[in-house]
Amino acid sequence: KGKCPEDGWDESTIELFLHELAIMDSNNFLGNCGVGEREGRVASGLVARRHYRLIHGIGRSGDISAVQPKAAGSSLLNKLTNSVVLDVIRLAGVQTVTSCFVVPMATGMSLTLCFLTLRHKRPKAKYIIWPRIDQKSCFKSMITAGFEPVVIENVLEGDELRTDLKAVEAKIKALGAENILCVHSTTSCFAPRVPDRLEELAVICANYDIPHIVNNAYGVQSSKCMHLIQQGARVGRIDAFVQSLDKNFMVPVGGAIIAGFNESFIQEISKMYPGRASASPSLDVLITLLSLGTSGYKKLLKERKEMFSYLSSELRKLADNHNERLLDTPHNPISLAMSLKNLDETNDAAVTHLGSMLFTRQVSGARVVPCGSVQTVNNYTFKGFMSHANDYPCAYLNAASAIGIKNQDVDVFLKRLDKCLKTFRKEAKQEKSGNEISDSSTATEQLED
């Protein structure tokens, strides 16, 4: 049926299934005689076993989705994976998606592929409208494709950084719709930035007949992000949305899913990919989804949402204990931010030092964002880089509740963060006490003089 099974399969069943697919490939035929330059020969038995002898990869030289006659098993694997992944995207909330394919590139290069496909449809266009998000790969994806990003600064609403819709529309009018390749929006992001106003952007794109590409990097795991995409496609225009395999399905880095609502456009993107491709990302995500089943994946999504509530409440308590606060970002369903105002006022380097302290204590993924850092990416200078704004009001620390996170991860993180912040407070008190003693000594000396 090409759908993800409701109940996951056991490992031996999955391995039997993969071996059955592998013996359909010509390199595994008993009497095969190969005289070409690409015959699926593998020197190492370890490498062959790691790939279940599915050596030919996917696609043909002109189309990554095409069937390869001498690799019937690998081709079937590719078709099944795309079908199963499409089923899971619908299950996660985008019910009207019509087509998708797994591409053996991470999110940034997959976005580049989308932009290059649009080039043929809009040959005069040279600009991409991009509501700012301080993440290098999505910025570089536009540069690599040969386009000029037009950065739209976010607007501050309370603690949240939100899409400036008026600025987007004003820029479209100023540049001319025919000169704009697309609007490049974002769902999943680090707080205090929140997902773009996708519905409103989709309506603007429909009104001006401009394509709309959504960076949904780790949004499949969030019902809110998926709902935004579904609603955007319903009321306006979304041409494609791109998501990472590793962030959403807990597989190794190296793959992404390009999905959309117009099957012919998604096929155009797949045909833009030059040459064949590695089957590894497809194999990894198929094995994972067969082992989880839809019930297992739904359970992970539910647990992630519960852990977000737990992380939010516990981080709020910790922030209060240290005279800081959990920033109010209700529109961000994955990432949280805690102010570091007191730390920032104590010492300019204290904020970044906290980040290194956490890292050396084996806390990974927490981002510490100081005020006013400047960074140049591909000759574009961003003020306040990492904070998604030129002048965000305070320094802060990020933590996220991503798929697969456990209670233990949250508890250990909070314990270590609490210890680090207490260390800073203790050092600050000692420094203040030392200054007072020094000031007292100086005053005594002056009186004696």
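Predicted model: local features only at pLDDT ≥ 70, side-chain atom pairs only at ≥ 80, totals over all residues.

Biologist: Why is Lys247 called partly exposed?

Modeller: Buried means under 20% relative accessible area, and exposed means over 50%. Lys247 has 36%, so it counts as partly exposed.

Biologist: Where does Lys247 lie, and which residues does Lys247 touch?

Modeller: Lys247 lies in helix α9, residues 245-249. Leaving out residues up to four places away in sequence, Lys247 touches Thr107, Ala217, Tyr218, Gln221 and Ile403. A contact here means heavy atoms within 4.5 Å.

Biologist: What is the mean pLDDT of the protein?

Modeller: The mean is 93, and 95% of the residues reach 70 or more. The scale runs from 0 to 100.

Biologist: Where does pLDDT stay under 50?

Modeller: Over residues 439-449. For that stretch the model has zero contacts beyond four places in sequence.

Biologist: Which residues does the cis peptide bond join?

Modeller: Ala191 and Pro192, with omega at about 10 degrees. Pro192 sits in the loop between β6 (180-186) and α7 (198-208).

Biologist: Which residues have a positive phi although they are not glycines?

Modeller: Asp209 is one of them, at about 55 degrees. Asp209 lies in the loop between α7 and β7 (212-215). Gln362 is another, at about 65 degrees. The loop between α13 (350-360) and β11 (367-369) holds Gln362.

Biologist: Why does Gln362 count as exposed?

Modeller: The cut-off is over 50%. Gln362 has 68% relative accessibility, so it counts as exposed.

Biologist: How do you know that the span of helix α3 agrees with its number of residues?

Modeller: Helix α3 covers residues 72-92, which is 21 residues. The expected span is 1.5 Å times one less than the number of residues. That gives 30 Å for α3, and its end C-alpha atoms are 30 Å apart, so the two agree. Just after α3, Gly93 takes a positive phi of about 135 degrees.

Biologist: What makes the sheet β10-β14-β11 open?

Modeller: Three strands form the sheet in that order, with antiparallel pairing. β10 (335-339) and β11 stand at the edges with a single partner strand each, so one side of each has no neighbour in the sheet. On average, neighbouring strands are turned by 25 degrees against each other, direction ignored.

Biologist: How do you know that β10 and β14 pair?

Modeller: Pairing needs at least two bridges. Five bridges join β10 to β14 (residues 396-400), and the strands run antiparallel. Ser339 stands opposite Tyr396 in β14.

Biologist: Which helices lie across these strands?

Modeller: Helix α11, residues 280-321, lies across β10 and β14, at about 0 degrees to β10. α13 lies across β11 and β14, at about 170 degrees to β11.

Definitions and conventions
Residues numbered from 1 in each chain as written. Heavy atoms only, no water. Helix = DSSP H or I, 4+ residues; strand = E, 2+ residues; numbered from the N terminus. Buried < 20%, exposed > 50% of the residue type's maximum accessible area, 1.4 Å probe, protein only. pLDDT = per-residue confidence, 0-100. Axes fitted to C-alpha atoms, helices over the stretch in contact; angles between N-to-C directions.
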